[in-house]
Amino acid sequence: MHDLSIIIVSTNEARWLRACLSSVFAHSGQCKLDVVVADNASTDGTRDLVESEFPQARVIACANHGFGHANNRALMTTSSRYVLFLNPDTEIVAGSFAELVRMLDARPDVGLVGV
């Protein structure tokens, strides 16, 4: 089982994904990640970029019914202990996802956190 699923919705956001995904994997720590890119009917090569440069991530295709729909579609494919919804223009610059998971494990009464 993965510790953390990271869901990123891309609607023609390939220009941001390289930096975003590079930073995600660079800051995984010892965390078992399930990184899911929900390709929201992109026409900019999103799928090709992810599959060729980030084979450790998964791409799921979605009809473009909006941001929430794409997040929900991706969420249905995960079984991790925790889920992080991340925008494609985000870069992780400090810390690690392993630290986040440790903090959540230490606080079982926490049901939602923003980073």
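**Close-up views of a predicted model**

**View 1. The largest pocket, with β4 and α4 in its lining.** β4 (82-86) and α4 (97-106) each supply at least two residues of the lining of the largest pocket. The structure shown here and in the other views is a predicted model. Of the elements that contribute, β4 gives the largest share of the lining, four residues. The lining consists of L4, Y82, V83, L84, F85, L100, L104, V110, G111, L112 and V113. Sorted by class, ten of these residues are nonpolar and one is polar, and no charged residue takes part. The volume of this pocket is about 250 Å³.

**View 2. The aromatic pair of F25 and F54.** The structure holds one aromatic pair. The ring centres of F25 and F54 are 6.3 Å apart and the planes meet at 15°, so the pair counts as stacked; the cut-off for stacking is planes under 30 degrees apart. F25 belongs to helix α1 (residues 14-26), whereas F54 sits in the loop between α2 (46-53) and β3 (57-62), so the pair ties together parts that are 29 residues apart in sequence. F54 has a relative accessible area of 6% and is buried.

View 3. How many disulfides does the model contain? The count comes to zero. A disulfide would need a pair of cysteine sulfur atoms within 2.5 Å. For C20, the closest cysteine sulfur is that of C31, and at 15 Å it is too far for a bond. C20 counts as buried, at 0% relative accessibility. C31 is likewise in no disulfide, with the sulfur of C20 as its nearest cysteine sulfur, 15 Å away. C31 has a relative accessible area of 10% and is buried.

**View 4. S96 and the backbone of A98.** S96 lies in the loop between β4 and α4. A polar atom of the S96 side chain is 3.3 Å from the backbone nitrogen of A98. Is S96 buried or exposed? With a relative accessibility of 19%, S96 counts as buried, because the limit for this class is under 20%.

**View 5. D109, in the segment after α4.** D109 is found in the segment that follows α4. D109 counts as exposed, at 72% relative accessibility. D109 and K32 are 77 residues apart along the chain, and their C-alpha atoms are separated by 22 Å.

**View 6. N12, a residue with a positive phi.** The phi of N12 is positive, about 60°, although N12 is not a glycine. Where is N12 found? N12 is in the loop between β1 (4-10) and α1. Its relative accessibility is 28%, and N12 counts as partly exposed.

**View 7. A41, a residue with a positive phi.** A41 is not a glycine, yet it has a positive phi of about 60°. A41 lies in the loop that runs between β2 (33-40) and α2. With a relative accessible area of 42%, A41 is partly exposed.

Terms used:
Residues numbered from 1 in each chain as written. Predicted model: local features only at pLDDT ≥ 70, side-chain atom pairs only at ≥ 80, totals over all residues. Heavy atoms only, no water. 1 Å grid on protein atoms, 1.4 Å probe; cavity = no way out; pocket = protein on both sides within 12 Å on 5 of 7 lines; lining within 4 Å. Points joined across faces, edges and corners; volume = space filled by probe spheres on them. Nonpolar A, V, L, I, M, F, W, Y, C, P; charged D, E, K, R; others polar. Phe/Tyr/Trp six-rings, centres within 6.5 Å; stacked < 30°, edge-to-face > 60°. Buried < 20%, exposed > 50% of the residue type's maximum accessible area, 1.4 Å probe, protein only. Polar contact = N/O pair within 3.5 Å; in protein donor to acceptor, adjacent residues only side chain to side chain.
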